[in-house]
Amino acid sequence: MRAGDFARAWTINDRDLAAASHPAKHTGPRHLQRIWRGESLTDKHVLVRCYHGLGDTLQFLRFMQPLRGVARSVTVWCQAGLLPLVERTRGVDRVLALHEGTPEADFEVDIEIMEVPHALKVGRERIEMRAPYLTLPPKSVASVDGDGLAVGLVWEVGQWDKRRAIPPGLLGRLAAPGVVLHSLQADVAQEELAQTGARDISTPDIAALGHLLRRLDLVICVDTMIAHLAGALGCEAWVLLHADCDWRWPASGCRSLWYPSLRLFHQRTAGDWGAVIAEVREALVQRAKSAPRDA
């Protein structure tokens with residue numbers, strides 16, 4: 001998957017699926033459950049379960065339209081905060097808020113959203129993003145004030161793989177002539193915010209957050225949900241990756257076929273965020289110099 005050899009990936013997955021001795025579908029921690037067992041999706045009422053992170057759901061929503069191309073209907077059972085975006089996604093007939101227990105939906109086949117590309121045996125042409133696939137509902141959001149390049153910052157992550165997080169004090173080094181820093185970090189302590197030197201414009205509303213991304217000139221973030229939101233909307237974002245980054249990002253290089261509007265910055269030495277921030281600052285200074293100025 002990391003190398004872009006998707007045909008080989010599906011062959012390996014088929015082998016593992018055939019060889020595995022699975023427990024009952026809906027037992028154990030959700031993120032470890034294997035839901036799809038090879039059943040045909042053709043002309044079926046399909047329930048898509050979103051059992052991983054918000055970013056995972058956003059990344060794999062691109063497959064709902066090709067899924068609907070073979071299925072009779074597609075119902076998505078997703079995280080409540082994503083409902084306004086998922087219900088506007090092509091290929092989705094119905095959307096329900098994820099909760100404990102069983103979904104209030106009739107279906108013939110169910111599948112976890114990250115299993116969909118395997119089930120469809122999609123090729124690179126389906127995975128490579130050629131145009132934004134998310135749309136936003138109308139929202140009133142805070143203004144993005146300041147005379148200069150408006151840059152949003154996100155430095156903290158959830159509990160999974162804390163190596164992705166960056167100390168907020170390092171982001172304070174991104175303050176540069178012609179750059180105005182804005183914090184998009186949710187639930188941030190005032191002490192951390194002060195270390196970044198950024199103005200807080202954060203919101204827990206993901207649709208409103210999407211509108212803020214569109215108002216900003218650039219987002220600089222770690223590997224978390226906001227990177228996927230920016231990428232799926234086609235917004236410019238720079239994603240800072242630790243040395244042993246997740247499979248969805250290339251091990252080196254600055255571009256991802258999943259999201260053409262993202263630029264990637266990799267740690268060269270595990271744990272060394274200082275060198276990454278220095279590289280980003282240099283690129284940011286050049287970006288600010290080239291930014292168009294109002295007459």
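Helices (H or I, at least four residues) and strands (E, at least two) are DSSP runs, numbered from the N terminus. This is a predicted model: local features need pLDDT of at least 70, side-chain atom pairs count only at pLDDT 80 or more, and totals for chains, interfaces and linings use all residues. Residues are numbered from 1 along each chain as its sequence is written, and side-chain values use heavy atoms, with hydrogens and water left out. The chain has eleven helices and ten strands.

**Overall build**
- The C-alpha trace spans about 55 × 40 × 35 Å along its principal axes.
- Buried residues (under 20% relative accessible area, 1.4 Å probe, protein chains only) make up 51% of the 295 residues.

**The sheet**
- Six strands form an open sheet in the order β7-β6-β5-β8-β9-β10, with parallel pairing (two strands pair if DSSP finds at least two bridges between them).
- β7 (199-200) and β10 (262-266) stand at the edges with a single partner strand each, so one side of each lacks a neighbour in the sheet.
- β8 (residues 218-222) and β9 (residues 237-241) pair in the parallel sense over four bridges.
- V219 has A237 of β9 as its bridge partner.

**Two packed helices**
- α9 (residues 206-215) and α10 (residues 225-233) pack at about 65°, with axes 10 Å apart (axes are lines fitted to C-alpha atoms over the stretch in contact; angles run from 0 to 180 degrees between N-to-C directions).
- The contact (heavy atoms within 4.5 Å) includes I206 and L209 of α9 and M225 and I226 of α10.

Key. Buried means under 20% relative accessible area, exposed over 50%, partly exposed in between (1.4 Å probe, protein chains only).
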